[in-house]
Amino acid sequence: MNRRKFLQLSGATLGAVALSSQLSSSFAQDAAAEVATPVDDVADVDNLNPALEEALGINFDALEASDLVHINAPTIAESGANVPLEIMVDVPPSDLKAIHAFVDRNPLPHIFSVSFGPILDQSYFTTRIRIAETAPIRVIAETNDGKYLLASAVTRVTVGGCG
């Protein structure tokens, strides 16, 4: 290979690398913008309220948004049939009565309720849930003093899991 051919190939390679890094950063920005779906954009409180009334005897306005409740769920789920959910509550287990989970847009929004008793030593729960479509997952920590602490996270579903 002569010097001229080497320089041409090197220049073409460097140009391709520079172009691909610009394209990949552009795609990454687009993907990040797509993933960050605000809760209010996909909320369906009208569907959620009857489930809250039935399960807890309250409506959405009685819930108190709190940073004591943490949800770890994927931002995108390829299938809504099997979505991992991890819940941590920064409240002493002796003060925690129950954890409740709801998904606004599911046909049956109330997913589960777990009661806590005096034998538990941590306020933590993990499971897998079904999600019909892109919607907020609502986790409510019910305390022994009657407070309902709320955390919400949106999971974007590409294939629905509820029929």
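Predicted model: local features only at pLDDT ≥ 70, side-chain atom pairs only at ≥ 80, totals over all residues.
Local features need pLDDT of at least 70 and side-chain atom pairs count only at pLDDT 80 or more, while totals for chains, interfaces and linings use all residues. Residues are numbered from 1 along each chain as its sequence is written, and side-chain values use heavy atoms, with hydrogens and water left out.

Start with strand β8, residues 135-143. Strands here are DSSP runs of E with at least two residues, numbered from the N terminus. β8 is mostly covered: 9 of its 9 residues are buried. Buried means under 20% relative accessible area, exposed means over 50%, and partly exposed lies in between (1.4 Å probe, protein chains only).

β8 has strand partners. Two strands pair if DSSP finds at least two bridges between them. Strand β5 (residues 96-103) runs antiparallel to β8, joined by 7 bridges. Within this pairing, A98 stands opposite E142 of β8. Strand β9 (residues 148-157) also pairs with β8 in the antiparallel sense, over 8 bridges. Here A141 faces L149 in β9. β8 and β9 make a hairpin, with 4 residues between them. In that turn, G146 has a positive phi of about 90°.

Now turn to the aromatic rings. Rings of Phe, Tyr and Trp (its six-membered ring) pair if their centres lie within 6.5 Å. The count by this rule is 1 aromatic pair. It consists of F112 and F125, with ring centres 5.0 Å apart and planes at 45°, so the pair is tilted. Planes under 30 degrees apart would count as stacked and over 60 as edge-to-face; the rest are tilted. The pair links distant parts of the chain, 13 residues apart: F112 sits in strand β6 (residues 110-115) and F125 in strand β7 (residues 124-129). F112 counts as buried because its relative accessibility is 14%. F125 is partly exposed, with a relative accessible area of 22%.

Contact means heavy atoms within 4.5 Å. Leaving aside neighbours within four places in sequence, N72 contacts P84, L85, E86 and M88. P84 lies 12 residues from N72 along the chain, and their C-alpha atoms are separated by 8.3 Å. With E86, the side chain of N72 makes a polar contact of 2.8 Å. Such a contact is a pair of N or O atoms within 3.5 Å; within protein, one must be able to donate a hydrogen and the other to accept it, and residues adjacent in sequence count only if both atoms are side-chain atoms.
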